[in-house]
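Colleague: Could you walk me through this one while I have it open? I'd like to jump around a bit, if that's all right.

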Amino acid sequence: MQNSTLICDGCVKNEVGDEFSLWQGISDEHRAAILEAAKSDELIVSNTGDAQRFASLEKFNQWLTTNPIPYTLTPKDSPNVLSGFIWFVQMDLPEEIASQTDQQTNWTFAVRLYENARGKRLSYPFMDQAFKEFWQENPDEIIWLSTGKDNAIAKKIYEKFGFQKIADTEDRSYYLLSPVQ
């Protein structure tokens, strides 16, 4: 299993000043929380592919072979409590979408906030800190993502963060984000 390294202690803050810590990697406790949320967290199950991606420890370990760059978020004073999960992984933008843009990208991104962190306005500061870390090592990489076409909350967060919509399919919306130079 991956090790987890503290990136910054208390560096992610919500609008009322609650402090959260950013970690790179996945601890055993966080892995267990991700596996449990993939089965029992209604919002995760209905809005993501995690129910299949993380259906078992075997599936989780298979996912790790894609060499994701994972970041986890925990309350500053409770490092074993998972509040959020972001990962970057090399994956080509689907060809039918790639043909609609002149930007070249083969990195995608996903973010999850778990029940104990929802409604605390943590998406933006968590993403901000994780992207800063990712771009230190990968400074020129453009990131793509897709979300459910009717997932209005996620789309609003992504657009506020700076993602630009490049295409819609029947059920998905696709976005790109370039690093700030």
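Colleague: Which helices and strands each supply at least two residues of the lining of the largest pocket?

Modeller: Bearing in mind that this is a predicted model, the elements that each give at least two lining residues are the helices α2 (42–47), α6 (123–137) and α7 (152–161), together with the strands β4 (84–90), β5 (107–113) and β6 (143–148).

Colleague: And where does the largest share of that lining come from?

Modeller: From α7, which contributes 7 residues to the lining of the largest pocket.

Colleague: How much space lies in that pocket, and which residues are closest to its centre?

Modeller: The largest pocket holds about 1,300 Å³ of space. Its lining is made of 41 residues, of which Val111, Asn151, Ala154, Ile157 and Tyr158 are the closest to the centre.

Colleague: How many of the lining residues are nonpolar, polar or charged?

Modeller: The lining of the largest pocket comprises 22 nonpolar residues, 11 polar ones and 8 charged ones.

Colleague: Let's step back to the whole chain. How many helices and strands are there?

Modeller: The protein has 7 helices and 8 strands. Its radius of gyration is 16 Å, close to the 16 Å that the globule rule gives for 181 residues, so the protein is as compact as a globular protein of that length.

Colleague: What does the C-alpha trace span, and what percentage of the residues count as buried?

Modeller: Along the principal axes, the C-alpha trace spans about 45 × 35 × 30 Å, and 46% of the 181 residues count as buried. As for how the chain meets itself, if you take the contacts with a separation of 6 or more, 60% of them are between residues 24 or more positions apart.

Colleague: Where does Glu170 lie?

Modeller: Glu170 lies in the loop between β7 (164–168) and β8 (172–177), and with 78% relative accessibility Glu170 counts as exposed. Glu170 is 21 residues from Lys149 in sequence, and their C-alpha atoms are 7.7 Å apart in space.

Colleague: Which residues does Ser146 touch?

Modeller: Not counting residues up to four places away in sequence, Ser146 touches Arg172, Ser173 and Tyr174. Ser146 has its place in strand β6, and its C-alpha atom is separated by 6.3 Å from that of Tyr175, 29 residues away along the chain. At 24% relative accessibility, Ser146 counts as partly exposed, because that value lies between the 20% and 50% cut-offs.

Colleague: Last topic, backbone angles. What is phi of Asn67?

Modeller: Phi of Asn67 is near 60 degrees, a positive value in a residue other than glycine. For background, most residues other than glycine have a negative phi. Asn67 is found in the loop between α4 (57–64) and β3 (69–75), and counts as exposed at 60% relative accessibility.

Colleague: And Arg121, where is that found?

Modeller: Arg121 is found in the loop between β5 and α6, and has a positive phi of about 55 degrees although it is not a glycine. With a relative accessible area of 59%, Arg121 is exposed.

Technical notes. Residues numbered from 1 in each chain as written. Predicted model: local features only at pLDDT ≥ 70, side-chain atom pairs only at ≥ 80, totals over all residues. Heavy atoms only, no water. 1 Å grid on protein atoms, 1.4 Å probe; cavity = no way out; pocket = protein on both sides within 12 Å on 5 of 7 lines; lining within 4 Å. Points joined across faces, edges and corners; volume = space filled by probe spheres on them. Helix = DSSP H or I, 4+ residues; strand = E, 2+ residues; numbered from the N terminus. Nonpolar A, V, L, I, M, F, W, Y, C, P; charged D, E, K, R; others polar. Rg over C-alpha atoms; globule rule 2.2 N^0.38 Å. Buried < 20%, exposed > 50% of the residue type's maximum accessible area, 1.4 Å probe, protein only. Contact = heavy atoms within 4.5 Å.
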